[in-house]
Each structure stands twice: as C-alpha cells, then as structure tokens.
Amino acid sequence: MQILFLGAPGAGKGTQCKKLAEKLGLPHLSSGDLLREAVKQGTKAGVAAKSFMDKGILVPDDVLIAMFREFLSKPEMDKGFILDGFPRNLPQAESLSTLLTELSKSLTVVINLHTSEDLLVERITGRRTCPNKECNAVYHVKFQAPKQLGVCDKCATELVHRSDDKPDVVKQRLTTYAEQTEPLITYYGNQGIVKTVDGEGEPEEVFDRLVKTLKVPV
Ligand code: AP5
C-alpha cells in the first residue's frame, strides 16, 4: 500500500501514521521529521529549510522534491510506504506523480484526517516531541502525557517543544495549510482516491476509524 496523509497542522497525522506504520510494517516518511533532522545535522537542505519552518511557511519545493526522490527510490520502499507532509501544494503533488510513474508506483489511497480548528490549536500548543530521530515519539501535556514529565517513555530522551509550535507561527501554519495544502483534497478527490477520517476523539478511537476505512485486518 502507498498511503498519503493530508490534514491540518495538529490534526494527528504523525500520531496516526506512526501507529499505522507499526501495524502494517511500512516505512513512515514524515517531511517535518526529515526536515527537522536536516536542520539539526546542519545539512544543505536543513540550512535552506530553517528560516521557512520558523515562520510557518513552506520550504521551497526543490528541497522537498529532491529529498523525497532520494527516499522513495530506495529498495525498502518497494513494499509500500506512508507519506506524511509531502506533497503540500500542487507543484509538489505533480512532481510526486511524475516520480511515482518513473518508479512504476502509484498512490493507493489519500487519507484526509479532519479535525476542527479550536482543537488543532489546543493540540499543537500542548505538544511535546522526542528529538531522537530513531524515535520521534509525540506526546501532549494533557491528552497523551509521558509517564515522567518531560522524558520520552520509549527512549528516555528529553522532550522538546517545537520552535514552530508558538501561537503566532501556528496561526501562519494554519493559513499556509488552508491556502496551499487543502486544495490537494480536491486534486486527489478528482482521482477518486480520497477517504476522509474524523480525527476527533481519543487517539485509539481515531485509529480504529482509520483501520476500518483502510480495511486493514484488526
Ligand atoms: P510538519 O512537521 O509536517 O507539521 P504539520 O503538518 O504542521 O503537522 P504537525 O506535525 O504540526 O501535526 P500532526 O498532524 O502530525 O499532529 P501530531 O500527530 O503531532 O511541518 C513543519 C514545517 O515543515 C512546515 O510548517 C513547513 O515549514 C515545513 N514542511 C514540511 N513539509 C513540507 C513540504 N512538503 N513542503 C514545504 N515545507 C514543508 O499531533 C499534534 C498533538 O496532538 C500532539 O501533541 C499529539 O499528542 C496530540 N494528539 C494527536 N492526536 C490526538 C487525539 N486524537 N486526541 C488528543 N490529542 C491528540
């Protein structure tokens, strides 16, 4: 299966993709996690991306397209993959389509994870993430608190508050999503591959809806 997740910042894409990747044994490619790791490592892509991410606007398309060309061309992607955060605008979607055709692949389904705006802001401002790239676990101070305050349950790394999770940057990220990414729901809808999943409720509840929608055996 080649699955793409669409959804506003804070909709729960990362949370659900990680669980689904584990259940299906598929690689989870999160553009945000890949970019944050590139920033941390100080790579050319990371240096180019940082100022855009800090403002809550999209990193230039060529950076993302080159990054995903490299990852999607790896042999381990032949069993399928879960895309989270790429593509995020029409030019990126068209580049992905060209790339998948070159690789003799196509998207099986596009999940549109839908959550109301009030909840998005509450989820994002309370988020804490594990910066360890082998883990990247996601927590919430209220909804999904770690057992020990500020420490990752899985790898004991100190959790961080993402620099783009500040209220003014969150506002810009929501605007960027509405203007540039939301039109992809229609783009893929016209291809007949979009399935909308309600992202509200407990994470387990959302996951149950997701596996039912994907018709994955429980
Ligand atoms: P990215 O990291 O992709 O951020 P995003 O799309 O804004 O998504 P988030 O990570 O904020 O939210 P999420 O939906 O994954 O929610 P999560 O599961 O964490 O991108 C960051 C930046 O990188 C962009 O602004 C841009 O600059 C750049 N970028 C990335 N891709 C790009 C591209 N293709 N082109 C150009 N630029 C790009 O959940 C959120 C919180 O809610 C967590 O605390 C979680 O614990 C909690 N939570 C989740 N589900 C539930 C639930 N059901 N109930 C209660 N709490 C929940």
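1. In what follows, Lys and Arg count as positive and Asp and Glu as negative, while His and the chain ends are not counted. The place of a charge is NZ of Lys, CZ of Arg, CG of Asp or CD of Glu. On this basis, the mean positions of the 29 positive and 29 negative charges of the protein chain lie 2 Å apart.

2. The model is predicted: local features need pLDDT of at least 70, side-chain atom pairs count only at pLDDT 80 or more, and totals for chains, interfaces and linings use all residues. Residues are numbered from 1 along each chain as its sequence is written, and side-chain values use heavy atoms, with hydrogens and water left out.

3. The protein chain contains 9 helices and 7 strands (DSSP runs numbered from the N terminus: helices are H or I of at least four residues, strands E of at least two). Its C-alpha atoms fill a box of roughly 45 × 40 × 35 Å along the principal axes.

4. Of the 218 residues of the protein chain, 45% are buried (under 20% relative accessible area, with a 1.4 Å probe and protein chains only). Contacts are heavy atoms within 4.5 Å; among those between residues at least 6 apart in sequence, 70% join residues at least 24 apart.

5. Helix 2 spans residues 31-41, and its buried residues are Ser31, Gly32, Asp33, Leu35, Glu37 and Ala38. The elements covering them include helix 1 (13-24), strand 2 (28-30), helix 3 (44-55), helix 4 (61-72) and strand 3 (81-84). After helix 2 comes Gly42, with a positive phi near 70°.

Definitions and conventions: Buried < 20%, exposed > 50% of the residue type's maximum accessible area, 1.4 Å probe, protein only.
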